[in-house]
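Please read the following report beside the sequence and the structure, which are shown here.

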Amino acid sequence: MTQAAPVGPEPEDEPALGPEPEDEPALSPEPEDESALGHPGPAFDRRAPYLAGFLAGLGLLTALAAGKVLLTISGVLVEIVVSLFIAAGLDPLVRFLERRGLRRSVAVVVVIVGVLTVLGLFLFAFVPVIADQVTAIGRNAPGWLDELQHNRRIQSLDNQYHVIEKLQSFVTGGDFVSKIFGGVLGIGLAVLGALLNAFVITVLTLYFLASFKSTKAAVYRLAPASRRDRVSRLGDRMFEGIGGYVSGAFLVALCAGVCSLVFLLAIGMSQYAVALAFVVMVTDVIPMIGATIGAVIVTAICFTDSVQTGLIAAIFYIAYQQFENYVIYPRIMSRSVDIPGVVTVIAALVGASLLGVVGALLAIPTAAAILMLIREVFVRAQDER
C-alpha cells in the first residue's frame with residue numbers, strides 16, 4: 001500500500017509563498033531626471049540638409065551685416081588709416097629726438113608742438129595771400145577767356161561748339177562757385193565736414209603717435225610666442241617703410257613747392273606765386289600724375305600773362321620733373337621703399353579706384369609693405385623647400 005505523506009509544517013529551508021524578504025535588495029529605480037525627461041536620443045546629424053542650409057544662410061546673413069557695418073563706418077576707417085600713416089611718418093622724427101637723449105613722451109610733445117606751430121604759421125601767413133590770389137585768378141578768368149577768342153584754331157572750335165561763350169557766362173555769372181558746391185549751404189557743409197575730418201585726423205594722429213610703441217606691442221602679442229620675435233621684426237620693418245615713404249613724400253612735395261615759388265617770383269608772376277606754389281606742393285603728393293597736374297595748372301596761368309612766360313614755365317616744369325624723378329625722389333625714397341615701377345603704377349591705379357586720392361596716396365607704401373612680406377615670408381619659405 002502507498003504510504004500517506006506526513007501532515008505538518010513545511011521544512012524551514014523551503015521558501016514560503018508570499019512577499020519577498022525585506023533584507024533582499026529591490027531593483028534600484030532610474031534617476032529622477034532621466035525618468036522624468038527621458039533618455040537622450042542620438043546626436044543630430046551635422047550633415048543633414050536642413051542644418052547645412054540653415055548654417056549657410058546664417059553665415060550669409062552675418063557676412064551681409066558685417067559688410068553693411070563696414071560700409072557705414074568706411075569714413076571712420078579711412079580717417080583711422082590716414083591717421084596711422086601720418087603717425088608712422090612722424091615717428092622717425094620722434095625716434096631721432098629719442099636718440100638725442102629725450103624721453104619718448106618729451107619727444108612726442110616736441111614733435112606735436114612743432115607740427116602745430118608750423119601749421120599755425122602757415123595758416124596765419126599764407127592762407128590770406130592764397131585767398132587773395134585765388135580771388136584775383138577768378139576775377140581775371142573772364143579776360144583770359146576773351147583773349148582765347150583771338151586764337152584762330154580756338155575760334156573755329158568755338159564757332160562749332162560755343163565752348164568759350166558757355167565758359168564765360170558760367171564764370172561771369174558770379175555763382176559758379178555755388179553751383180560747383182551746391183549753393184551756400186553746400187559750401188558751408190563742405191567746409192564744416194573738411195574741418196571736422198581734419199580735427200578727427202589730428203586727434204587720432206596724436207593718440208597714435210603718443211602710443212605708437214604700445215600699439216605695436218599689443219598687435220605683436222596676437223602672434224604665437226614661437227613666432228612673435230619674427231613678427232615683431234617684420235612689423236617694425238613694415239612701419240619703418242611706411243613712415244619713410246610718408247615723410248619722404250611730404251619732403252619731395254615741399255621741394256616742388258619751394259622751387260615753384262622761387263621760379264614764379266623770378267619770371268614776374270609774383271601776383272599768383274604763393275597760390276600756385278601751394279597748388280604744386282599739394283598736387284605733387286599725389287603719385288604718378290600729381291606733379292603733371294600742378295605743372296599744367298601753373299603753365300596754363302602763365303600763358304595768360306604772355307606766350308613767352310608760358311613757354312618758359314613749360315620748359316621749367318619739364319626739366320624739373322626729370323630732376324625730381326631721377327635725382328630728388330630716388331635719393332629720398334631709396335631707403336624707405338623698394339618697389340618696382342610696374343607695381344607702383346598698378347598699386348596707384350587700384351588705390352585710386354578704391355578710395356580716390358586718399359587711396360592713391362596710401363597705395364604705394366601699402367604695396368611696398370605687402371611686397372616685403374611676400375619676399376620675407378613666402379619666397380623664403382619656397383627657397384627652403
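Helices here are DSSP runs (H or I, at least four residues), numbered from the N terminus. This is a predicted model, in which local features need pLDDT of at least 70 and side-chain atom pairs count only at pLDDT 80 or more, while totals for chains, interfaces and linings use all residues. Residues are numbered from 1 along each chain as its sequence is written, and side-chain values use heavy atoms, with hydrogens and water left out.

At Leu90, α3 bends by about 30°, and Pro92 follows within four residues; the bend is the angle between axes fitted to the seven residues ending there and the seven starting there. After α3 comes Gly101, with a positive phi near 110°.

Val69, Leu70, Ile73, Val76, Leu77 and Ile80 make a nonpolar surface patch of about 460 Å². Two or more of its residues come from each of α2 (49-72) and α3 (74-99). Patch residues have over 30% relative accessible area and no salt bridge, and nonpolar side chains are joined within 5 Å.

The table uses these classes: buried is under 20% relative accessible area, exposed over 50%, and partly exposed in between (1.4 Å probe, protein chains only).

| Residue | Relative accessibility | Class |
|---|---|---|
| Val76 | 45% | partly exposed |
| Cys259 | 32% | partly exposed |
| Cys302 | 0% | buried |

The whole structure has 0 disulfides, a disulfide being a pair of cysteine sulfur atoms within 2.5 Å. The cysteine sulfur closest to that of Cys259 is in Cys255, 6.3 Å away, which is too far for a bond.

Terms used. Patches are made of residues with over 30% relative accessible area and no salt bridge: like charges are joined within 9 Å, nonpolar side chains (Val, Leu, Ile, Met, Phe, Trp, Tyr) within 5 Å. Accessible areas come from the Shrake-Rupley method with a 1.4 Å probe; for residues, only the protein chains shown count as cover. A salt bridge is a side-chain nitrogen of Lys or Arg within 4 Å of a carboxyl oxygen of Asp or Glu.
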